[in-house]
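Biologist: I am new to this one. Could you show it to me and take me through it?

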2 protein chains.
Amino acid sequence: MPPLPFGFEVESADGKARAGRLRLRGIEIETPVFMPVGTLATVKGLTAQQLRETGARMLLCNAYHLSQRPGDAVVAKLGGLHAFMGWDGAILTDSGGYQVFSLATLRQVSDGGVSFRSHFDGSEIFLTPEAAIRIQEGLGSDVAMVLDECAPYPCPRGDAEAALRRTHMWAERCLAARSREGQALFCIAQGAFEPDLRRRSGEYLSGLPFDGFAVGGLSVGEPAPLRNRMLESVVPFLPENRPRYLMGLGKPADILAAVRRGIDMFDCVLPTRNGRNGWAFTRQGVLRMRNAAHRESDAPMERDCGCYACRTASRAYIRHLLSAEEMLGGVLLSLHNTAFYQRLMRAMRETILNGCLGDFERDWPCAKAGAEG
Amino acid sequence: MPPLPFGFEVESADGKARAGRLRLRGIEIETPVFMPVGTLATVKGLTAQQLRETGARMLLCNAYHLSQRPGDAVVAKLGGLHAFMGWDGAILTDSGGYQVFSLATLRQVSDGGVSFRSHFDGSEIFLTPEAAIRIQEGLGSDVAMVLDECAPYPCPRGDAEAALRRTHMWAERCLAARSREGQALFCIAQGAFEPDLRRRSGEYLSGLPFDGFAVGGLSVGEPAPLRNRMLESVVPFLPENRPRYLMGLGKPADILAAVRRGIDMFDCVLPTRNGRNGWAFTRQGVLRMRNAAHRESDAPMERDCGCYACRTASRAYIRHLLSAEEMLGGVLLSLHNTAFYQRLMRAMRETILNGCLGDFERDWPCAKAGAEG
């Protein structure tokens, strides 16, 4: 049976916001969608079954991290990423460009690729666009990402232009290098914080046959209004009938702002990282579950949440687990927060379908601009 | 509705080994039984649902630890330990005697009770038999344990005699102090490593109306043959029609040896602690899951195990999670090991019912005397 074609359609729009459907390997993903992050083929602390029960149907894994351990060849030999991690939903792999440009030491970029020291064992690595594709094809994800050069914030204009030129060149090389049928390939628009570069990137990449269009280089420390301006500079130049993915975002308010500017896909470590740190996302805003206020509370973290943690654990129990540094505290919070993000995205989608995204914050105060968490 | 009476019956014996049934709050527990340890109202890393799926129906929690945090009054206010931790199986609480005598600093024992510094906040605590009962009644466990004085190994005879005298006196005070209907109370035989003291303890306690009889002060560093000799010194003097519980044991081989000497109940941290350290129990023996040998293995940890980890994860995936220090590695191993111990106990029970416990090690090499793990 030939692999099912990649598909995307916009079902409904509310202003620039879109409700759509993504099809990958026969799996239908409703958008806007939030992908929990499973860098190393595990969303921290959660089993694949728990993850499925949160409503998540698509994850992000990191190709660079996985190439370091256990190695993409090992994953390929074991039947690919889905089999390796026991996940029957969809998987998008990030190429690792962001990690290389944000974490790596002794980095040297040339048009050929980027050389750096492995964060894992210190060995020297030369990552090229072709290698990024080869790794992701070996991993067998449903969506591969191009290798890009991610500029920092702030970034001198000259550097931003150079990174953009390379990002575009590498995107074309990734297109040329791809060989795996049934695996979608997304490009990444860059341009740092220069509106005209953002526009140029959108226009340039739109001319290339990518399955989806990501916006990279945001959520790197810039203020939200600046990020939103960058989105407004690039999104109008991306194809209407392709999914748009804002990488690495974020808080509910930031996601809502991006959805309103036409973004369909998101990923972020916040639900699990903040969960391990004792924060619970709720519709009303963040709860700090270590607080003494929860000491004797028999209420669930959130009354209208149907997740396993809210069905079975009181705030007092969660607080106790966190105070005692018990693993289960982080597990239950990660579970709740991951389920919360799925619920948040479903609510945005329904609100778009009903044409009233403008009122979203009324029912979801957590998504008010400037809201914490 | 009045609380259902505590019940125990021996269904079948094979030599001194017994297959029985324990009834607590209407829950039937087949014996021999292994209770996973959830010291602080959580079996480390596992949700109540995961725990249930391992086949476990009875847990051990620690009354002293819980009295320190979150506090027995908090647990009582929240409806007791079962509601607090979302566990619908049975719960036995240890009084904390073992912890006081093995961990506490600045300990002072008198006939009245034991004073020591809290391991948690350094505050001074005076624990009496009456307080141990009051705490456990507040927690609402199904089985409470008396406060005892646990002698170390090795132990001078004079100290062993003094500890035994106090243990017996305290046992009677616990009996007098109990007031909660429907909560069973078990005593603890002591006597260190003196066969005649062990016998004396068994004879003395058998004359008192306890629901069950534990053997304490073993599994404290002594060689297995010495432990077995102590069991042979005390068990024949315990009532036939009451459950017998060997506290804090242990490895499969040690459990088998104790079952053969007439013990019905066990608890130990090994399945979860060794799980977090990367060891998998299997019928054939221990697997060290960090070993490079598992790097590319698509086999489950154990072929005939139906646990979630063995159904969904390869050895290669488990090894990867452990190498990357990912929480899920410890979770999956704890899950497997906990399920393994339940399977091991079910197998012993069936073998007793079939009258062939003598051959047990043939099918379960992990339980051979001296087997690792």
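Modeller: Two residues are in contact if their C-beta atoms, placed from the backbone, lie within 7 Å. This is a predicted model, in which local features need pLDDT of at least 70 and side-chain atom pairs count only at pLDDT 80 or more, while totals for chains, interfaces and linings use all residues. Residues are numbered from 1 along each chain as its sequence is written, and chains are lettered from A and ligands numbered from 1 in the order in which they are written.

Biologist: How many residues does the contact take from chain A and from chain B?

Modeller: It takes 33 residues from chain A and 33 residues from chain B. Helix 13 of chain A gives the largest share of the side of chain A that touches chain B, five residues; helices (H or I, at least four residues) and strands (E, at least two) are DSSP runs, numbered from the N terminus.

Biologist: Now the fold: what does the secondary structure of chain A come to?

Modeller: Chain A has 15 helices and 16 strands.

Biologist: In what order do the eight strands of the open sheet run?

Modeller: The order is 4-14-13-12-11-10-6-5 in chain A, with parallel pairing; two strands pair if DSSP finds at least two bridges between them.

Biologist: Which strands stand at the edges?

Modeller: Strand 4 (33–36) and strand 5 (58–62) of chain A do; each has a single partner strand, so one side of each is left without a neighbour in the sheet. Strand 5 of chain A pairs with strand 6 (residues 90–94) of chain A over five bridges, in the parallel sense.

Biologist: What stands opposite Cys61(A)?

Modeller: Thr93(A), in strand 6 of chain A, stands opposite Cys61(A).
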